[in-house]
Amino acid sequence: MALNLLYSNDRKGQYPASWYNATATEQKPYDALRGDIRADVCIVGAGYTGLSAALHLAEAGMEVALLDAHRVGFGASGRNGGQLGSGQRMDQEDLESFMGEAEALKLWRLGEEAKDLVKSLIARHDIDCHLKPGVAWTGSSCSEVSHLHDYARHLQDWYGYDQIEVLNDDACLKLCPSPDYKGGFLDHGAGHLHPLNYALGLARAAEAAGAKIYEQSEALEITEGAEDEHEDPQQPYGQAARSEKVRLASEPAVETTRVHPSDAARGEPSSGGTSRGSIPEPPRSLGERTRAKVSPAPSQALGQPVDAVRGAGVATVSF
Ligand SMILES: Cc1cc2nc3c(=O)[nH]c(=O)nc-3n(C[C@H](O)[C@H](O)[C@H](O)COP(=O)(O)OP(=O)(O)OC[C@H]3O[C@@H](n4cnc5c(N)ncnc54)[C@H](O)[C@@H]3O)c2cc1C
């Protein structure tokens, strides 16, 4: 039986035991999706991607239904390292060699915009997530320290980044009193936050803006097509959430959720589905199914890649 990543390490609807969970301040449970609801946009996945999309779409006046199979911030968003870092996952110098200076500059600016956005959302919505400025990068050998100093100067000289401070060994020791660290840099523009509290605060803000949030509501299937095409009385759905667009904010898991309901009810993978190969155990009864409906719309929204947004269709949801 294929591994179902959505449930393989976790218990349905329960945050994993973690310091973040133990210290979360805004743990408000949201109801599971029940009944037949309608929205302009249905978003699958309540991590940072889905929460931010829900918040911004709701603020733009759209009716939003946001679904999560587990809880708000249940995935990586509620259990990551909490580093609000500068740049991308590769050093700018590597990006320059990889794709050229112009593209590397665009990615740097994108990273700066992302940091600004996070900080402004925290301030605007008064999110108590212990945002603390400053991330230090330290080296424990001369060559590592030299590399970090060179990189800090590169960011200053080429990117005009003035929030970075080169640390010599004394400055480094003051910051972190360990003889193992011999220098590096302190990035004052980066920071650290409580990742789960940030997600929960975004949920509160999205709800206040009008978004409807549903937990323990797993999307099992998204079927594209006009709303009327899905009015099949033979379908074993009792309930529906109808929307203009479905926004996929849980890319890997959604890939694993296109299970035909009749196959899912038998606990089998859909022959026409994608890569899941199994559904959560134990198989649900048909009475535990509901669906999100979407009517025809262009497959693009908010500048998202086309394959991240689906136009018309039905998202089948369980709770
Ligand atoms: C160990 C680790 C440490 C990290 N550290 C950092 C860091 O320090 N700084 C940083 O910036 N980034 C870090 N990241 C990356 C960061 O956490 C992710 O980029 C970010 O959380 C992704 O958010 P997301 O909303 O796209 O996905 P997720 O947070 O994973 O949210 C996806 C949500 O979709 C839900 N879902 C999935 N399938 C379905 C379905 N079929 N129906 C309904 N709901 C569904 C899931 O339950 C989940 O809540 C780290 C990641 C990991 C794994």
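How close do the axes of α2 and α7 come, and at what angle do they cross? I started my notes with this pair, keeping in mind that the model is predicted.

**Entry 1: α2 and α7**

I looked up the two axes and found that they come within 9 Å and cross at roughly 25°. Angles under 35 degrees count as roughly parallel, so α2 is roughly parallel to α7. I noted the hand as well: α2 passes α7 in a left-handed crossing. I then listed the residues that meet. From α2 they are Y48, L51, S52, A54, L55 and A58, and from α7 they are A199, L202, A203, A205 and A206.

**Entry 2: A206**

Is A206 buried or exposed? I found 28 C-beta neighbours inside 10 Å, so A206 counts as buried. Setting aside neighbours within four places in sequence, I have A206 in contact with L51, A54, L55, A58, L66, A211 and I213. I checked L51 by distance too: A206 and L51 are 155 residues apart in sequence, yet their C-alpha atoms are 6.9 Å apart in space.

**Entry 3: the nonpolar cores**

Which residues touch the most other members of the largest nonpolar core? I found A54, V64, L66 and A206, in a core of 44 residues. I wrote down the elements that give two or more residues to this core: β2 (41-44), α2 (48-59), β3 (64-67), α4 (101-124), α7 (195-208), β8 (212-214) and β9 (218-223). The largest share, eight residues, comes from α7. I also noted that this core draws at least three residues from each of domain 1 (19-78 + 215-318) and domain 2 (83-193). A second, separate core has eleven residues, and I recorded L155, I164, C172 and Y181 among them.

I went back to L66 for its contacts. Not counting residues up to four places away in sequence, L66 touches I43, A46, G50, A54, A206, A211, K212, I213 and Y214.

**Entry 4: α3 and α4**

Helix α3 (residues 92-99) and α4 have axes 7 Å apart and pack at an angle of about 140°. I therefore logged α3 and α4 as oblique to each other. Their crossing is right-handed. On the α3 side I found Q92, L95, E96 and M99, which meet E101, E103, A104, L107 and W108 in α4.

**Entry 5: positive phi**

Most residues other than glycine have a negative phi. I noted two residues that depart from this.

H130 is not a glycine but has a positive phi of about 55°. I placed H130 in the loop between α4 and β5 (132-138). I counted 15 C-beta neighbours inside 10 Å, so H130 counts as partly exposed.

Q216 is not a glycine either, and its positive phi is about 50°. Where is Q216 found? I located Q216 in the loop between β8 and β9. Q216 counts as buried because it has 21 C-beta neighbours inside 10 Å, and 20 or more are needed for that label.

**Entry 6: the whole chain**

The secondary structure comes to nine helices and 14 strands. Of the 319 residues in the chain, buried residues make up 42%. I also looked up contacts between residues at least 6 apart in sequence, and 75% of these join residues at least 24 apart.

Notes: Residues numbered from 1 in each chain as written. Predicted model: local features only at pLDDT ≥ 70, side-chain atom pairs only at ≥ 80, totals over all residues. Core = buried A, V, L, I, M, F, W, Y, C linked by C-beta atoms within 7 Å. Buried ≥ 20, exposed ≤ 12 C-beta atoms within 10 Å, placed from the backbone. Helix = DSSP H or I, 4+ residues; strand = E, 2+ residues; numbered from the N terminus. Domains from an automatic or database assignment. Contact = placed C-beta atoms within 7 Å. Axes fitted to C-alpha atoms, helices over the stretch in contact; angles between N-to-C directions. Parallel < 35°, antiparallel > 145°, perpendicular 65-115°, else oblique. Left-handed = near helix turned anticlockwise from the far one by under 90°.
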